[in-house]
Amino acid sequence: MAKVYVFDHPLIQHKLTHIRDVQTGTKEFRELVDEVATLMAFEITRDMPLEEIEVQTPVSKAKAKVLSGKKLGIVPILRAGIGMVDGILKLIPTAKVGHVGLYRDPETLQPVEYYVKLPSDIEERELIVVDPMLATGGSAVEAIHSLKKRGARNIKFMCLIAAPEGVEILKEAHPDVDIYIASLDEKLNEKGYIVPGLGDAGDRLFGTK
């Protein structure tokens with residue numbers, strides 16, 4: 001069964017408070033999301049494998065550790081997920097970036113895939129799917145399904161804020177996908193918004209309504 005990790009690092013929690021604040025403008029909101037994504041990437045990569053090599057320091061030869069070459073990929077769910085990509089790339093600049101676009105069918109209210117562009121070798125990569133919000137879970141479930149049907153085998157999901165309902169739905173649909181979040185909030189309201197949440201992440205990132 002999927003594991004759920006809630007990051008309690010003080011810097012993440014501090015910045016997340018300002019992200020929630022309705023008084024935070026678009027520029028600052030975007031910068032804060034970027035910064036929290038960097039901090040979360042530091043945590044989510046904690047188990048990356050290392051190998052030992054020999055290097056020449058100014059003093060002598062030394063045995064030291066480097067990443068063992070495991071390939072990474074970042075897959076934002078459009079559009080809000082884009083706001084988290086640069087923050088992760090600051091730590092992992094060699095990661096490839098794919099995109100999954102989904103919209104909600106107005107009649108069925110189910111997510112529908114409209115755009116997918118991925119690295120050609122996703123079956124060899126550890127993928128981090130990113131979206132600021134995990135609310136009903138529908139978009140995350142469908143995005144991960146899109147990746148799996150194209151050959152992805154190693155997937156993690158990362159978001160800023162999640163509702164308990166969305167976490168349970170994602171765990172049930174994809175029990176092999178661990179979930180990394182900065183805050184597990186109280187609930188969903190009758191409109192499907194996370195409470196207390198932060199509003200619409202896409203609108204606040206891009207200045208739209």
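Does Asp-200 count as buried, partly exposed or exposed, and at what relative accessibility? In this predicted model, Asp-200 counts as partly exposed, because its relative accessibility is 32% and that class runs between the under 20% of buried and the over 50% of exposed.

**Around Asp-200**

You'll find Asp-200 in the loop between strand S13 (194–195) and H6, a helix that covers residues 201–206. Leaving aside residues up to four places away in sequence, Asp-200 touches Arg-79 and Tyr-193. Its side chain also has a polar atom 3.0 Å from the backbone nitrogen of Gly-202.

**The listed binding site**

Asp-200 also turns up in a record: an unreviewed UniProt entry lists it under "binding site", along with others including Arg-79, Arg-104, Pro-132 and Thr-136. Of the listed residues, the lining of the largest pocket includes Arg-79, Arg-104, Asp-131, Met-133, Leu-134, Ala-135, Thr-136, Gly-137, Gly-138, Ser-139 and Asp-200.

Setting aside residues up to four places away in sequence, Thr-136 touches Arg-104, Gly-166, Ile-169, Leu-188 and Gly-192. The side chain of Thr-136 also reaches the backbone nitrogen of Gly-138, at 3.4 Å.

Now over to H2, which runs through residues 26–44. With 19 residues at 1.5 Å each, this helix should span 27 Å, and its end C-alpha atoms are 26 Å apart, so the two values agree. Its buried residues are Phe-29, Leu-32, Val-33, Asp-34, Val-36, Ala-37, Thr-38, Met-40, Ala-41, Glu-43 and Ile-44. What covers them? Among the elements doing so are helix H1 (10–20), helix H3 (85–89), strand S8 (126–130), strand S10 (154–162), strand S11 (178–184) and helix H6 (201–206).

Next comes Thr-45, in the loop between H2 and strand S2 (50–56). Thr-45 is buried, because its relative accessible area is 18% and the buried class takes in anything under 20%.

**Side chain to backbone**

| Side chain | Backbone atom | Distance |
|---|---|---|
| Thr-45 | oxygen of Phe-42 | 3.3 Å |
| Thr-136 | nitrogen of Gly-138 | 3.4 Å |
| Asp-200 | nitrogen of Gly-202 | 3.0 Å |

Conventions:
Residues numbered from 1 in each chain as written. Predicted model: local features only at pLDDT ≥ 70, side-chain atom pairs only at ≥ 80, totals over all residues. Heavy atoms only, no water. Helix = DSSP H or I, 4+ residues; strand = E, 2+ residues; numbered from the N terminus. Buried < 20%, exposed > 50% of the residue type's maximum accessible area, 1.4 Å probe, protein only. Polar contact = N/O pair within 3.5 Å; in protein donor to acceptor, adjacent residues only side chain to side chain. Expected span 1.5 Å × (residues − 1). Contact = heavy atoms within 4.5 Å. UniProt positions renumbered as here; feature names shortened; annotations may be inferred. 1 Å grid on protein atoms, 1.4 Å probe; cavity = no way out; pocket = protein on both sides within 12 Å on 5 of 7 lines; lining within 4 Å.
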